[in-house]
Amino acid sequence: MKSGSNLEKVLLAGHFAFTGELGPPRGTSAEEVRQKASFLKDHVDAVNITDNQTAVVRMASWAASLILLQEGLEPNYQMVCRDRNRLAMQSDILGAYALGIRNMLCLSGDHVKFGDHPTAKGVFDIDSMQLIHTVKRMRDEGKFLGGADVEHPPRIFIGAASNPFADPFEWRVHRLAKKISAGVDFVQTQCIYNMEKFRTFIKMANDMGLTEKVYILAGVTPMKSVGMANYMKSKVPGMDVPDDVIKRLKGAEKGKVAEEGIKMACEQIEEFKTMKGVAGVHLMAIEWEHKVPEIAERAGVLPRPKV
Amino acid sequence: MIVAKRKPFDEIKQLLKGYKKVLNIGCGTCVAVCLTGGEKEVSVLNMEIDMARKLEDNPIQIDGFTIERQCDREYLEALDNRVNDYQALLSMACGAGIQFLAERYPHIPVLPAVDTTFIGVNQAVGWYEERCRSCSSCVLGLTGGICPVTMCAKGLYNGPCGGTNKGMCEIDSSQPCAWFMIYERLKEQGRLDCILEITPPVDWLNQIPRTLVQPGYKKPE
């Protein structure tokens, strides 16, 4: 066992993992975090706590992660390379671990240009690949990047993201392989809508033996509306929304589009359960946390295993 | 070459406020090639300043003088006998030239007329693009001659990130994704193995002022 986190135990025991996501507030309300967390409790194995997502200032991800711990949920603490240098990152990892955080997701981070401080200096002292390796080195070798010893190394379950849809497609599995050699334990993918392309990606990963070395959690975001689907298709970089998906949503009865979106997500989850190389699902119900219990129920992933 | 951009006129005017006699010094090298701070640009700016100040009923004597390179003592020497007649010096050289000028004449205020912008290439007359951030540890040998530090908006050494969008960068659909280009070029050259290995964290060498003394040379005492 690398970290002893709930997520690690669930995956290690061979259960189909189910993780959720929570965006911290743009203010100081712990209550808001607790409220969102209440919908996720007992419905997911761990909850990703986003780190200034889309480069917009929010409550620190470690702080919101601690609130989750208080509520009895397991956080998956996200850390982006955009906002801090290697000193800050390593010290945050120590602090996070000291206070009970056991999972981390290492990301590059959206460019500051997208956010509410578009002229800020993006740090990117190290990149996501190097961050993964930094956490692994701290954990397994008990060494900081600079070479000094870490007293009581942090036992962190190391996560990363993978976007099977960004170009160049054929390079994506190699990038995943690089993350594996950097030391990643589990990977959550970008939201999947193009199932055919994802099947190809997973097949390539299976053929390269990658899925035996890393747990892959397939990213699912139910579409709430046709507008959301169109926005994801045209405005979100690296997102692949096939026309069929939009067509199906458009075909839904009036007032039933969100319902159709949930139905589609459940069908996807059903397929992922039996897809070789997929170890679970990461559900990103953006500002739709209250729907998670219903989705989890309908997707047949309840009750969550106690390990 | 070093590419610079003239400062907004109002900013230059503001910098010159309070001075009645100023020498505007051009530079005949990089900033002249990029049409920002050579002899011609010195005269154009001087005419504009002269006119603006006349209109304000606050005339200024602004003269121009362009030397070959403001980053070189040998050429700065030509100014030694001129600068003392002026209350301030305006420089149209890059930031290095401006500082070298200020260092040579510490008793005279030296003011910038340009914003130094980047180290770049001359794509066509009047069209320049950045190519180098002078990071002091060049990886172009591994990345197909495309700089990830300069050309990737996140300066990633192990790209591309998940935001690459049909070969373009997530920040701007007209900006090619550096890592997409790196991949394409290395693939073409049969050298993809160059980027299969993880590039370790970079030793940032540009965080303090750098000095270079070539072998066989010495810093003067």
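Colleague: What share of the contacts in chain B with a separation of 6 or more comes from residues 24 or more positions apart?
Modeller: They account for 60% of those contacts. Contact means heavy atoms within 4.5 Å.

Colleague: What should I know about the model and the numbering?
Modeller: It is a predicted model, where local features need pLDDT of at least 70, side-chain atom pairs count only at pLDDT 80 or more, and totals for chains, interfaces and linings use all residues. Residues are numbered from 1 along each chain as its sequence is written, chains are lettered from A and ligands numbered from 1 in the order in which they are written, and side-chain values use heavy atoms, with hydrogens and water left out.

Colleague: Back to chain B. How many helices and strands are there?
Modeller: Chain B has seven helices and nine strands. Helices (H or I, at least four residues) and strands (E, at least two) are DSSP runs, numbered from the N terminus.

Colleague: Is chain B compact or spread out?
Modeller: Chain B is more spread out than a compact globule, because its radius of gyration is 22 Å, well over the 17 Å that the globule rule gives for 221 residues. The radius is taken over C-alpha atoms, and the rule is 2.2 Å times the number of residues to the power 0.38. Along the principal axes, the C-alpha atoms of chain B fill a box of roughly 65 × 45 × 25 Å.

Colleague: How much of chain B is buried?
Modeller: Buried residues are 39% of its 221 residues. Buried means under 20% relative accessible area, exposed over 50%, partly exposed in between (1.4 Å probe, protein chains only).

Colleague: Switching to chain A. Which residues of helix α9 are buried?
Modeller: α9 of chain A spans residues 243–250, and Val245(A), Ile246(A) and Leu249(A) are buried there. Down the axis of α9(A), the buried residues fall within an arc of 95°, so they line one face of the helix. That arc is of the directions from the helix axis to the C-beta atoms.

Colleague: And what's on the face turned away?
Modeller: Exposed residues: Asp243(A), Asp244(A), Lys247(A) and Lys250(A).

Colleague: What covers the buried ones?
Modeller: The cover of the buried residues of α9(A) includes α8 (226–235) and α10 (257–274) of chain A.

Colleague: Where does Asn194(A) lie?
Modeller: Asn194(A) is in the loop between β6 (186–191) and α7 (195–207) of chain A. Its relative accessibility is 17%, so Asn194(A) counts as buried. Leaving aside neighbours within four places in sequence, Asn194(A) is in contact with Phe165(A), Asp240(A) and Pro242(A).

Colleague: Which residues does a cis peptide bond join?
Modeller: One joins Asp167(A) and Pro168(A), with omega about -10°. Pro168(A) is in the loop between β5 (157–162) and α6 (172–182) of chain A. Another joins Gly159(B) and Pro160(B), with omega about -5°. Pro160(B) is in the loop between α6 (148–151) and β8 (168–169) of chain B.

Colleague: What is phi of Phe124(A)?
Modeller: Positive, about 45°, although Phe124(A) is not a glycine. Phe124(A) sits in the loop between β4 (103–107) and α5 (128–141) of chain A. At 7% relative accessibility, Phe124(A) counts as buried.

Colleague: And Leu35(B), what is phi there?
Modeller: Near 60°, also a positive value in a residue other than glycine. Leu35(B) lies in the loop between α2 (30–33) and α3 (39–55) of chain B. With a relative accessible area of 44%, Leu35(B) is partly exposed.
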